[in-house]
Amino acid sequence: MNSSRLPAAEFEVEEVGRAVHSDDVDGQLEPDAGMLQILSADGTMAGGLTAEIAGSTVDFSPYLSASDPAHLRSLYRDMFMIRRFDQESTALQRQGQLALWVPLTGQEAAQIGSGRALEPQDYAFPTYREHGVALTRGVELPDILRLFRGVTNGGWDPRERNFHLYTLVLAAQSLHAVGYAMGMQRDQLADPSLPPAASIAYFGDGASSEGDIHESMVFAASFNAPVVFFCQNNQWAISVPSSVQTRVPLAQRAEGYGFPGIRVDGNDVVAVEAVTRWALEHARSGQGPVLIEAYTYRMSAHTTADDPTKYRLSRDEQEWQPRDPLARLEVYLRSAGMADDTFFEELGAEARAMATDLRQAVLSMTAPELADRFAAVYAEPHPLVQEELRFFQEYEAGFADEVKHA
Ligand SMILES: Cc1ncc(C[n+]2csc(CCOP(=O)(O)OP(=O)(O)O)c2C)c(N)n1
Ligand SMILES: [Mg+2]
């Protein structure tokens, strides 16, 4: 792997004393430093994909789907549907139907590619942005919005999909993923007839600075846990550029823990899928953890509560437009004769129908009784919670007259 050292982030101090990033660093690491790619931004597919990992050459050919038209179309389909889902969810939030929305636009290839690499017995631990991975795990899309409408504490049964609930505490899910992987490792020892399985921990460039990530990686290495750490480096942690989180490409950190680290073009769905399939197989077959850094770009706001024009240049956003993960696959599918206008038109119609159904599903979601929330605090009744419930009920009863006259 490339071992280039990047310049330290330089800071200026504003009058108010807040550190700001200087323009010369501009939030960008060297984009191509050791990055694996097969489908380039202009839609050209390379002949193969190899990399030097831990002193030997790995050939990703057995994991590549580049020559399978139906598979490539289905990858495109997933990316297209989840982008449409993202747009509709943003609109629903703007219309007051969701409390908040976390957009994924720009990260479709990183999520669909890695999600499609998983086998049913593998287990994924997402952050709050992994709507694309949720789609690949068969989570019903309206269920994701139940959380953002505030009508549930979860949204789906993680055990049904081997897809954990969204985790908002940065990096906490990486510890869960390692613990789960160690459990699967022991289950496998106890019952060798179980299919080998791995877990995958999703996290961001900002979360990579959390102590939980360090602890997870130490444990994973010490116990040779079957876990893949999948870092989507979308180059921003809200308003903080990734160059403040690290002086080296994040994938290089794996070397210090003693397991392979791979930097892949996170906007190249074919490469992401191949590399993740390799990494999962590596983990499942007892060879230990792998760190994948999917180098991508958050093309939208951090959440609908954020305004990126306050801290990044539209010039940078425009620079990433031509590297769009969907556009490059569309160019390839068309030029290789694997998809025509009819395919894209039908997909457009299918996505519009999905968005209509999604909207109806959201509008028909009923709010839970607030009093029921008190029962979800502890498994057993608790005197303090019961006292608070009584207070709440008395408080609500104080408005009974108003409700009658309304
Ligand atoms: C432990 C913790 N600290 C801070 C936050 C507030 N917070 C929420 S998202 C976020 C940025 C995370 O950036 P990154 O890990 O790059 O993921 P991204 O949002 O870009 O997908 C922060 C600081 C939090 N949720 N949890
Ligand atoms: Mg980020």
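Two strands are taken as paired if DSSP finds at least two bridges between them, and in this predicted model strands β3 and β11 run parallel and are joined by 2 bridges. Within that pairing, Arg263 of β11 is the bridge partner of Met35. The domain assignment of the protein gives domain 1, spanning 7–363, and domain 2, spanning 372–405, and the C-alpha centres of domain 1 and domain 2 lie 41 Å apart.

**Pairing around β12**
- Strand β12 (residues 290–295) pairs in the parallel sense with strand β11 (residues 261–265) over 5 bridges, and β12 is also joined to β8 by 6 bridges, again with the two strands running parallel.
- Glu293 of β12 has Arg263 standing opposite, and Cys231 likewise stands opposite Glu293.

- Strand β12 is largely enclosed by the rest of the structure, because 6 of its 6 residues are buried, burial here requiring 20 or more other C-beta atoms within 10 Å of a residue's own.
- In a regular strand the side chains alternate between the two faces of the sheet.
- Both faces of β12 are covered, with Val290, Ile292 and Ala294 buried on one side and Leu291, Glu293 and Tyr295 buried on the other.
- Strand β11 is mostly covered, with 5 of its 5 residues buried.
- On β11, Gly261, Arg263 and Asp265 are buried on one side, and Ile262 and Val264 are buried on the other, which leaves both faces covered.

**Phe60 in its loop**
- Phe60 is found in the loop between β5 (56–59) and α1 (69–94), and Phe60 counts as buried because 22 other C-beta atoms lie within 10 Å.
- When residues up to four places away in sequence are not counted, Phe60 touches Leu49, Thr50, Ala274, Val275 and Trp278.
- Phe60 and Ala274 are 214 residues apart along the chain, yet their C-alpha atoms are separated by 6.4 Å.

**The shell around ligand 1**
- There are 15 residues around ligand 1, and among these Leu170, Gly204, Gly206, Ala207 and Ala237 come nearest.
- By residue class, the shell around ligand 1 divides into 7 nonpolar, 5 polar and 3 charged residues.

Notes:
Residues are numbered from 1 along each chain as its sequence is written. Chains are lettered from A and ligands numbered from 1 in the order in which they are written. This is a predicted model: local features need pLDDT of at least 70, side-chain atom pairs count only at pLDDT 80 or more; totals for chains, interfaces and linings use all residues. Domain bounds come from an automatic or database domain assignment. A residue is near a molecule or strand if its C-beta atom, placed from the backbone, lies within 6 Å of it. Ala, Val, Leu, Ile, Met, Phe, Trp, Tyr, Cys and Pro count as nonpolar, Asp, Glu, Lys and Arg as charged, and the others, Gly among them, as polar. Helices (H or I, at least four residues) and strands (E, at least two) are DSSP runs, numbered from the N terminus. A residue is buried if 20 or more other C-beta atoms lie within 10 Å of its own, exposed if 12 or fewer, and partly exposed in between; C-beta atoms are placed from the backbone. Two residues are in contact if their C-beta atoms, placed from the backbone, lie within 7 Å.
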